[in-house]
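Let's take a walk through this one together, a piece at a time. Have the model open and follow along.

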Amino acid sequence: MEITLRLYQEEVVQVALRGGNSIIWLPTGGGKTRAAVYVAKKHLESNPKGKVAVLVNKVHLVDQHYQKEFRPHLGHAVKIAPISGDSKEKDFFGRVVRDSDLVICTAQILENALINTEEEKHVELTDFTLLIIDECHHTNKDAVYNKIMTRYVKGKIEGMRNLPQILGLTASPGTGGAKTLMGAVNHVLQICANLDSVIVSTKNYVPELKEIVPRPKKNYDIVDTRLFDPFGEHLKMMMKMIHEYMGSNITLREMGTQEYENDVVELEKKGVREENRLLAQCALHLRKYNDALLINDTVRMVDALRLLEDFYRTRSENTLDITDLFLSGVFAENKVELRLLAKEAQYENPKLARLQRTLVEQFQDRDSRGILFSKTREGTRCLYDWVRANPELQRANIRAAILTGAGNGANHMTQSGQRETIREFRNGNLNLLISTSVAEEGLDIPECNVVVRYGLLTNEIAQQQASGRARAKNSVYSVVAPEGGREMRKEKTNEYLEELTGKAVAQVQSLEPREFQKQVSELQTAAVMVRILASRQRDERRQRYDPAQVQFVCRGCFAPVAHGDDIRVVNDTQHVNVNPDFRNYYQVGGQVHIERTFEDWEPGRVISCAACGQEWGMEVKLRRVVVLPCLKIKNFSMKSPRGNHTVKQWKEVEFLVEEFDFTEYVSNNFPDLDLD
């Protein structure tokens with residue numbers, strides 16, 4: 001299929017066609033991917049030994065880019081391989097790259113291949129002649145894009161030859177949190193430095209671009225004030241009872257806010273550090289009540305109640321002390337009253353009435369297709385239940401489905417589930433996606449004409465991305481929020497930041513080439529130095545203590561259950577306990593189901609503390625014969641010579657974890673094994 005570019009697309013690809021590194025900045029719907037396909041085509045035509053990698057940051061974009069852009073336009077002439085986490089090709093990535101002209105994959109797959117030493121899986125950056133990086137504004141801090149590009153920049157500084165050409169694509173570089181022009185300029189320069197690229201946008205064909213990509217009409221759908229909220233007030237009364245139980249020296253911010261959640265998260269950590277179970281458990285329960293308040297403020301009272309009922313159903317099986325009895329008693333004694341209040345329609349959330357009117361208005365056209373953005377997975381589930389149970393929305397023929405991020409948790413979607421939902425939306429069987437931020441970036445649905453943001457506080461990039469999903473003619477972008485509320489203020493701030501981004505890009509583009517290169521080189525040198533120092537500090541931290549000095553304590557009941565020298569790491573990702581005595585401390589639950597299959601391991605059952613029920617991780621079966629407990633470090637506290645502390649990830653632990661040796665483990669644990 002012949003590739004025809006619009007005039008503004010031709011303008012922005014010129015640097016890339018000359019072989020230079022560039023970031024193409026075009027709005028959502030402006031045809032960045034089509035421009036990248038054109039550059040890839042010209043690159044491969046002029047480089048007989050050329051090899052292109054297209055990197056994406058969301059799994060569903062692998063299939064989308066392959067099916068909608070690269071295969072139709074290049075499939076007849078070049079060998080293309082789409083590779084995602086659930087495809088077997090990832091296990092032979094090195095070979096696939098050698099046998100292909102162009103690969104489309106998630107950035108994590110390339111990163112894994114760069115650090116893997118097995119010949120069938122390993123690749124070097126120099127194996128490629130062109131890297132196309134989608135949504136390249138994510139090339140910052142510790143994001144996987146930046147890990148890849150840090151290798152590139154370090155290689156460039158060290159004089160490495162044959163590094164690939166870089167082509168970045170973005171609809172929204174953002175300001176990096178900066179509120180001033182100077183700060184925004186520095187952010188854009190840092191993105192350019194991280195990608196070793198200039199940033200290009202159309203100068204000569206702005207009117208054509210605006211005609212091709214019209215901005216949706218923006219509506220502020222104002223919500224009536226909630227005059228009476230007896231359900232929410234009752235929850236706050238219960239929370240105050242828990243406050244009083246903890247003591248008078250605890251200061252927490254306003255209930256039902258993100259700030260309150262931050263406070264109780266820190267309070268739980270404090271309780272764990274001090275092994276004060278009363279404090280830690282009260283904080284955990286208060287966080288769940290705060291979640292219920294947030295849901296009550298966003299969706300229905302019955303949804304908030306269901307959240308608490310689900311939580312206390314799981315807690316009732318493990319009662320250790322008087323604190324557990326008190327906390328479960330508070331809910332049990334008030335459950336009936338909460339149920340009665342949740343049935344009172346006159347106290348229901350007025351935001352839902354406004355959202356209902358907005359959706360009914362926008363779906364008067366039976367061909368309408370829309371996305372309703374919500375903050376959390378739990379929020380999407382509650383909104384989906386509300387839509388399904390709402391007679392007015394059913395009469396409007398709204399056919400909804402949930403779209404959230406892929407993963408293995410209870411509220412995560414599978415990758416195949418994501419693909420099926422998007423396919424059903426594209427073909428019209430569904431006409432409303434209720435989504436978290438997973439649908440903000442890259443999702444290509446030209447027919448979408450309605451975008452509603454509901455109860456969201458996000459940055460200017462997310463706002464631009466969400467707005468860009470409304471691509472059809474006469475589209476509407478609606479913000480459902482109370483007058484003068486936080487959501488409204490944030491939306492207005494983001495509008496200013498969007499303008500600031502444009503000014504910052506223009507200022508960067510106006511720099512003399514020599515001055516631009518000078519500033520970029522300085523930023524690159526500083527970034528490499530920071531990475532080297534950070535790596536040294538990580539290495540020092542990992543060797544701070546002897547593994548035997550670090551004791552693992554259950555985060556739920558503070559029972560000591562293991563030591564650091566019991567832990568081994570498998571494939572750089574899974575941390576297993578090889579001490580057979582550890583089996584005495586945990587109980588097993590249901591089977592863990594993961595959509596993907598793995599080369600040398602498979603998931604087993606959930607494991608949790610036998611004493612208090614705190615989840616610890618899952619069993620894994622290695623090489624189909626050895627079953628070991630695989631631990632989530634965030635569910636433990638660690639005692640070391642400096643005291644108790646918690647970490648979120650294994651890379652933060654302060655001791656060196658040994659590699660798992662299969663032969664050694666089998667020899668030690670099965671001494672009677674006859675190999676003759």
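H8 passes H20 in a right-handed crossing, where right-handed means the near helix is turned clockwise from the far one by less than a right angle, and left-handed means anticlockwise. Helix H8 covers residues 181-194, and its axis comes within 8 Å of that of H20, crossing at roughly 60°. That makes H8 oblique to H20; angles under 35 degrees count as roughly parallel, over 145 as roughly antiparallel, 65 to 115 as roughly perpendicular and the rest as oblique. Axes here are lines fitted to C-alpha atoms, for helices over the stretch in contact, with angles from 0 to 180 degrees between N-to-C directions. Helices (H or I, at least four residues) and strands (E, at least two) are DSSP runs, numbered from the N terminus.

Before going further, a word on what you're looking at: this is a predicted model, where local features need pLDDT of at least 70, side-chain atom pairs count only at pLDDT 80 or more, and totals for chains, interfaces and linings use all residues. Residues are numbered from 1 along each chain as its sequence is written, and side-chain values use heavy atoms, leaving out hydrogens and water.

Next, another pair of helices. H13 (residues 301-315) and H14 (residues 322-342) pack at an angle of about 155°, with their axes 11 Å apart, and are therefore roughly antiparallel to each other. Their crossing is left-handed.

Finally, hop over to Cys609, which is found in strand E19 (residues 601-609). Is Cys609 buried or exposed? At 2% relative accessibility, Cys609 counts as buried (under 20% relative accessible area; exposed is over 50%, partly exposed in between, with a 1.4 Å probe and protein chains only). Leaving aside residues up to four places away in sequence, Cys609 touches Cys554, Cys557, Tyr585, Gln587, Gln614 and Trp616, a contact being heavy atoms within 4.5 Å.
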